[in-house]
Amino acid sequence: MRVIIKYLVGSARAARSVLLYLFPHPEMAYATGRRRFLSLPAVQPGGEVSPAALSHSLACLADEILALRNATFPVHRRNAREAIRQVSAIREFLADVAPASLPASAAVALSELHITLQKLANLLRDCARPGARLWVLMHSEQVSNDFRALIKSVGTALDVVLPLSATDASPEVKELVRLVAEQAWKAEVGTVPADALTARNVESAIVHFENGIAPDPIDLEQIMEHLRIRSWIDCNEEILFLEDLSSSSAEDIDVVEQKEAALLGGLTALMVYCRVTVFDAGDDRKSGEANQQKAPPRTMNQVMNLDDLRCPISYEMMLDPVTIATGHTYGRASISKWFKSGSLTCPVTGEKLTDATFVPNSSVRYLVEQLYRSNNLPIPEPSSRQRNSSKSAVTTPDSTAAAKATMMVAAFLVSKLASSSTRREQRKAASEIRKLTKSNVFNRACMVNAGAVPWLLHLLSSREASTEDNAVAALLNLSKHPSGGRAIVDAGGLGVVVDVIRVALKVESQQNAAAILFYLSSMEDCPAEIGNMPDAIPTLVELVREGSYRGKKNAVVTLFGLLLCHSNRIKILEAGAVPALIALLPIQERGDIASDAVAVLAKISEEPDGAAAIVSCADGIPRLVEFFRTTGSRSGRENCVSALLSMCVHGGAEVVSPLSQMPALMPALYSLVTEGSPRAGKKARLLIDRIHLLDEQGWPAMAPSSVQDHGVVHAQ
């Protein structure tokens, strides 16, 4: 298994080769890809396939279907049992008859059965799929029609087409096949009254939302019980499925999906409402926090080695894998960020690329999804769903019901924060707000308008780690919304957030608190207000020195935002930011944080005191030069040459002389002139001229103000 995974991950061509080996015809390889839910594609066996080969393939298909005998079918249970019963009889026939004894005339019937069983396997998997119960229920008419057609198709193939008398099957098995064929025509296939009633109750609940009325809790509990959704985790699984279905539909929009968009939005809102209200008091298992982790649970390591399915850049599971020109596969978000930083190379091999294109690797994605499903785990969203950012950051829901349901949920959760007498309920409310505002702009606006910010800030004083963690993460999500950031400032939250950076109970809380300051620093007047707090800048600098990787990164980018306010420059220098930033530049440091640090140093070096602070660091210039030579980041190289040029302008021969004695610098500068952007090339030429002038004539007088005249504009 692991060999196959490596084969699939290592090369897009290899993935195609495996598929073509399993399915010799191109259309068969296509059929193995990601299909739409409740669609029933099937591959027509070739006319040259022998009855014996068809018999063997049918047996494998039948075994797959019979493996679902113990699956839970909350909806269409009767239809599923009837279909499985028929397949069981077919399997018994295939086991009893010798494949070599099948006459050539059996090929037609076996081909028809093969197509039917392919479709039946897909339909049964969809009906048994965890998280899909509500969606299957609301498409009961379509599902019933599919079951009816497939069961009748089995009867036709067995009764009319299959030359049963020409086989060597035992009389008992032949009689069983005749009985199954007869019953297939008589079987009552359709939507049972209980399913139909529950579907009507769901529609009624959605109408209630549209009218701004909360559904009856008893009705909601009856819906959940019929669907066997009995816990927070079950309910969340339904939500994850509906969100994934919505994202998949957005990639291939047609008239049908446009009509169903409102239904998807309404059903998702209904399940969110149930997750928050129906399971609020009785289901405290895990509190959903385990589902917030990006990495899969540890128990999956007992099933298979996951390293082959992790992105080589982020080391996270490749939920959205893409393959670049070298044949290596990465997570879409990670490789997109790599290319966006200016690194037009393969991260694994270092090979230079001619362009930054990539293609989805559906084979690897299928393996990852199967891995989650085989362990009864919900498939989480990719960390950054590039393919459908408009859906994940939706500003307006797809339906009135979804919008009004979200407002009700927000009001309910804020009331829990404000009035709950127990930390457990407050923690659960904060956790729900955290999940709902992770990527949805409309949800953020609803939470801010409902007054969530002051109560979340109040929870930051909690000495319970999980409560603090959920509250900080929720505030981080809300700070990304303009009204949310303003609400944090107006509620006096700046000091509270800084305190969390200093004394957080969890590293994650410290990291998220620094990220909140980053988003707030982009607001007008906020950089000055943050800088005026005595502890804010020293706390950030200390985080750069001693924090975790993500904590350091968040602190660095926040310092860059604070530098946009001129009065903060001296405070940042006095806090010792320059040595802390220089310390992030060793070769072994991960490149993105080093690039961020260089951007801050370039900004600091614009003024004489900042340039002097960098020069005064014993290893400041050597580390900058080494980073410039070794980094693959375009913005990092441009910011680095900007910093060096500013230091030359402000520091004169004291800076240029050491640079002229570094022979490895000049080739890197010439490379930037020829391969970099026009702006970066101009800066590199200016720096080369300064070094040559020192060698030939001595350092010329140059006013610090002339930095602007020579186009030293720092890359962001």
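User: Leaving aside neighbours within four places in sequence, which residues is His139 in contact with?
Analyst: Contact means heavy atoms within 4.5 Å of each other. With the neighbours within four places in sequence left out, the contacts of His139 are Leu38, Glu260 and Leu263.

User: Before we go on, what kind of model is this?
Analyst: Residues are numbered from 1 along each chain as its sequence is written, and side-chain values use heavy atoms, with hydrogens and water left out. Local features need pLDDT of at least 70, side-chain atom pairs count only at pLDDT 80 or more, and totals for chains, interfaces and linings use all residues: this is a predicted model.

User: OK, back to His139: buried or exposed?
Analyst: Buried means under 20% relative accessible area, exposed over 50%, and partly exposed in between (1.4 Å probe, protein chains only). His139 is found in the loop between helix 7 and helix 8 (140-161). Its relative accessibility is 9%, so His139 counts as buried.

User: And Pro130, in the loop between helix 6 and helix 7: how far is it from Phe73 in space?
Analyst: That loop runs between helix 6 (106-128) and helix 7 (133-137), and Pro130 is partly exposed there at 38% relative accessibility. In sequence, Pro130 and Phe73 are 57 residues apart. C-alpha to C-alpha, the distance between Pro130 and Phe73 is 9.6 Å.

User: Zooming out, how many helices and strands does the protein have?
Analyst: Helices (H or I, at least four residues) and strands (E, at least two) are DSSP runs, numbered from the N terminus. Of the 716 residues, 52% count as buried. The secondary structure comes to 37 helices and three strands.

User: What is the strand order in the sheet?
Analyst: The sheet is open, has three strands and pairs in the antiparallel sense; two strands pair if DSSP finds at least two bridges between them. The order of the strands is 2-1-3.

User: In strand 2, what is the bridge partner of Val322?
Analyst: Strand 1 (residues 321-323) and strand 2 pair in the antiparallel sense over three bridges. The strand 2 partner of Val322 is Tyr330.

User: Helix 14 packs on that sheet, so what angle does its direction make with that of strand 2?
Analyst: Helix 14 (residues 332-340) touches strand 1, strand 2 and strand 3. Axes are lines fitted to C-alpha atoms, for helices over the stretch in contact, and angles run from 0 to 180 degrees between N-to-C directions. The angle between helix 14 and strand 2 is about 95°.

User: How many salt bridges turn up in the whole structure?
Analyst: A salt bridge is a side-chain nitrogen of Lys or Arg within 4 Å of a carboxyl oxygen of Asp or Glu. Arg133, Glu237 and Glu238 are even linked in a network of them. The search of the whole structure finds 22.

User: How far apart in sequence are the parts tied together by Glu675 and Lys352?
Analyst: Glu675 forms a salt bridge with Lys352, with the closest N and O atoms 4.0 Å apart. Glu675 lies in helix 35 (residues 665-675) and Lys352 in the loop between helix 14 and strand 3, so the parts they tie together are separated in sequence by 323 residues.

User: Are Asp596 and Lys553 buried or exposed?
Analyst: Their side chains meet in a salt bridge (2.4 Å, N to O). Asp596 lies in helix 30 (residues 591-604) and Lys553 in helix 27 (residues 549-562), so the pair ties together parts that are 43 residues apart in sequence. Both residues are buried.

User: Which residues of helix 34 are buried?
Analyst: The buried residues of helix 34 (653-660) are Val655, Val656 and Leu659. They cover an arc of only 90° (taken from the directions from the helix axis to the C-beta atoms), which puts them on the same side of helix 34. So, on that one side: Val655, Val656 and Leu659.

User: Last one: how many disulfides are there?
Analyst: A disulfide is a pair of cysteine sulfur atoms within 2.5 Å. Cys565 is buried at 15% relative accessibility, and Cys617 is buried at 13%. The number of disulfides found in the whole structure is zero.
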